[in-house]
Amino acid sequence: MFGNEYDEAKKMLEATNIVIGEVLTCEMHPDSDHLHVCTVDVGKEVLNIVCGAPNVAKGQKVIVALDGAELPGGIKIKKGMIRGKESNGMICSLTELGIEAKYQSEEDKAGIHILGENAKPGEDPIKYMGLNDEVIDFELTANRGDLLSILGMAYEIGAIYDKKVKDIDLDHKENEDDINNTFSLDIKTDNCKIFLAKRALNVEIKESPDFIKNRLIASGIRPINNVVDISNYVMLETGQPLHFYDADKLNRKNRSKNGRR
């Protein structure tokens with residue numbers, strides 16, 4: 001009677017029998033110019049693993065697919081011999097876990113993924129990376145633009161189940177500076193009914209926190225940096241399109257007491 005069709009419901013990462021490992025030793029394979037023979041602590045035991053990634057090194061915390069693991073694309077990991085050396089699993093890249101290249105750093109694209117120093121051998125790497133979420137992909141019709149945001153979807157679900165929607169916390173600090181003293185807007189598009197601007201000072205461009213990046217990835221948006229990411233994050237949350245501009249590159253229009261100059 002109500003509701004919306006969904007395309008699929010899935011986990012962000014579909015992989016089994018994978019753990020965090022610590023590379024204890026890493027030496028070149030005696031019969032190869034690119035393979036490495038590693039000993040890896042996976043929590044309950046230390047395994048010999050042959051790895052072909054160019055960036056693998058002693059002391060790293062890595063993602064290990066154990067014997068019997070199943071990875072995206074139907075890949076099954078089995079222990080065996082590689083050029084005469086025992087290999088009891090695979091040290092994984094993000095690509096092998098099913099994460100598209102557009103969401104990866106250049107370093108990740110070139111080799112295995114390196115976890116933080118606080119990662120503990122034997123624990124779940126998917127949970128550690130914050131990618132243990134689930135995604136419902138809705139097929140929305142053109143007349144339901146109100147459902148293109150988390151808030152809009154919350155109102156829909158609240159109406160169906162007669163639940164109150166939590167208010168979004170919009171509290172924030174502002175100084176007394178008036179943007180109109182340094183900038184003005186000229187709207188020259190008839191279909192644009194309103195365009196609002198705020199000015200943010202002392203902003204440091206850097207990488208976003210993992211929880212923001214992971215939620216953007218779950219929504220099909222590639223993380224860029226904290227400024228771009230927060231605009232996309234709030235847009236997904238509220239349905240309000242946002243964009244950040246570099247003030248130094250804008251054609252600002254200064255104002256004097258006597259009017260515009």
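Helix H4 (210-218) is part of what covers the buried residues of helix H5. This picture comes from a predicted model. The buried residues of H5 are Asn226, Val227, Asp229, Ser231, Asn232 and Tyr233.

H5 itself runs over residues 226-238. The helix has 13 residues. From first C-alpha to last, H5 reaches 18 Å, close to the 18 Å expected at 1.5 Å a residue. Both ends carry a local feature. Just after H5 comes Gly239, with a positive phi of about 85°.

H4 and H5 also take part in a pocket. Each supplies at least two residues to the lining of the second largest pocket. E12 gives the most, with five residues.

The second largest pocket holds about 1300 Å³ of space. Its lining is made up of 36 residues. Nearest the centre of the pocket lie Val135, Ile136, Arg215, Ala218 and Ser219. By residue class, the lining divides into 22 nonpolar, 10 charged and four polar residues.

How values were computed: Residues are numbered from 1 along each chain as its sequence is written. This is a predicted model: local features need pLDDT of at least 70, side-chain atom pairs count only at pLDDT 80 or more; totals for chains, interfaces and linings use all residues. Side-chain values use heavy atoms; hydrogens and water are left out. Helices (H or I, at least four residues) and strands (E, at least two) are DSSP runs, numbered from the N terminus. The expected span of a helix is 1.5 Å times one less than its number of residues. Buried means under 20% relative accessible area, exposed over 50%, partly exposed in between (1.4 Å probe, protein chains only). Contact means heavy atoms within 4.5 Å. On a 1 Å grid over the protein atoms alone, a cavity is a set of points where a 1.4 Å probe fits but cannot get out, and a pocket is an open set with protein on both sides within 12 Å along at least five of seven lines; lining residues have an atom within 4 Å of a point. Grid points are joined across faces, edges and corners, and a volume is the space filled by probe spheres set on the points. Ala, Val, Leu, Ile, Met, Phe, Trp, Tyr, Cys and Pro count as nonpolar, Asp, Glu, Lys and Arg as charged, and the others, Gly among them, as polar.
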